[in-house]
Amino acid sequence: MTKGPVPFLNIGKRAKDLLYKDYNFDQKFSLTTTSNSGLGLTATGVKIDELFIGDIQTQHKSGKTTVDVKIDSDSRVSSTVTVDEALTGLKTSFSFRVPDQKSGKLDLQYLHDRCALNSTIGLTSTPLVELAATFGTNELSVGAEVGFDSASASFTKYNSGICYNKHDFSAALLLDKGETLKASYIHLFNETNGAAVAAEVTHKLKTKENYFTIGSSHALDSSTLLKTRFSNSGKVGVLCQHEWRPKSTVSLSAEYDPKVVSSPSRFGVAIALKP
């Protein structure tokens, strides 16, 4: 774990990753290569029903600066320039999309032993501004985030949260706009095979509705990971990920939703190659 508190975005991340990360119900393929000069190239293609979308992304690292450029199948170009440790603990990034002239934004992240600050400012005459802060230690963190749209003079988000992290477990509680309360927990039982369970409970304060998702993860062997999850709606999901060569994986996902009468089952495969 890091020395300081986690950024607000990462509150509850350990449980969320176990429950949702890498599940994919489309057909996805990606190829990543890296040269000795620090230039990386990633090509990704996804088939969703009868639609195929893809993108090519390049990344170049030089010292503390990283430049990312991505071109998608709709000929849109996204660029991000990131400077790490411009000052001690400060990360700065500038991003924009072409041809969207209003897409430019500036992101700042400052990490300290007792606080983590994040801000996003849209580079327009009426920007969207987002601020987030957490305070505490690497074990106990308390924080909040707020978003303000100056064009409509309204708040787009106002959330708060608290989390407690230890090596073998993590618990988090988030309040979203004063309307939704979400609690999550993850527990690591066996470091050898990574056996862990996680749960997420959501409570709607206005409607008194409750939802939950529980899941598990463990390694079948040194190169194969198996994950499962189940929700209160009866939805069941399974993921099997196999690393057939170093850094190259194939992931098979399946989900059954009894509420979808026409097609209750979904399947997906994702292949990631890193020669």
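## Nonpolar patch and aromatic contacts

Leu123 lies in the loop that joins strand 8 (115-122) to strand 9 (128-136), strands being DSSP runs of E with at least two residues, numbered from the N terminus. The model is predicted, so local features need pLDDT of at least 70 and side-chain atom pairs 80 or more, while totals for chains, interfaces and linings use all residues. Residues are numbered from 1 along each chain as its sequence is written, and side-chain values use heavy atoms, without hydrogens or water.

Together with Val67, Val81, Phe94, Phe96, Val98 and Ile121, Leu123 makes a nonpolar surface patch of about 490 Å² (residues with over 30% relative accessible area and no salt bridge, nonpolar side chains joined within 5 Å; Shrake-Rupley areas, 1.4 Å probe; a salt bridge has a Lys or Arg side-chain nitrogen within 4 Å of an Asp or Glu carboxyl oxygen). Strand 6 (residues 90-98) gives the largest share of this patch, three residues.

The structure holds five aromatic pairs (ring centres within 6.5 Å; stacked under 30 degrees, edge-to-face over 60, otherwise tilted). The rings of Phe94 and Phe96 form a tilted pair, because their centres are 5.6 Å apart and their planes stand at 40 degrees. Elsewhere, ring pairs link Tyr164, Phe169 and Tyr185 into a cluster.

Arg229 lies over the face of Tyr23, at 4.0 Å from the ring centre (for Arg, CZ within 6 Å of the centre and within 35 degrees of the ring normal).

Technical notes: Patch = residues over 30% accessible without salt bridge, like charges linked within 9 Å, V, L, I, M, F, W, Y side chains within 5 Å. Helix = DSSP H or I, 4+ residues; strand = E, 2+ residues; numbered from the N terminus. Phe/Tyr/Trp six-rings, centres within 6.5 Å; stacked < 30°, edge-to-face > 60°.
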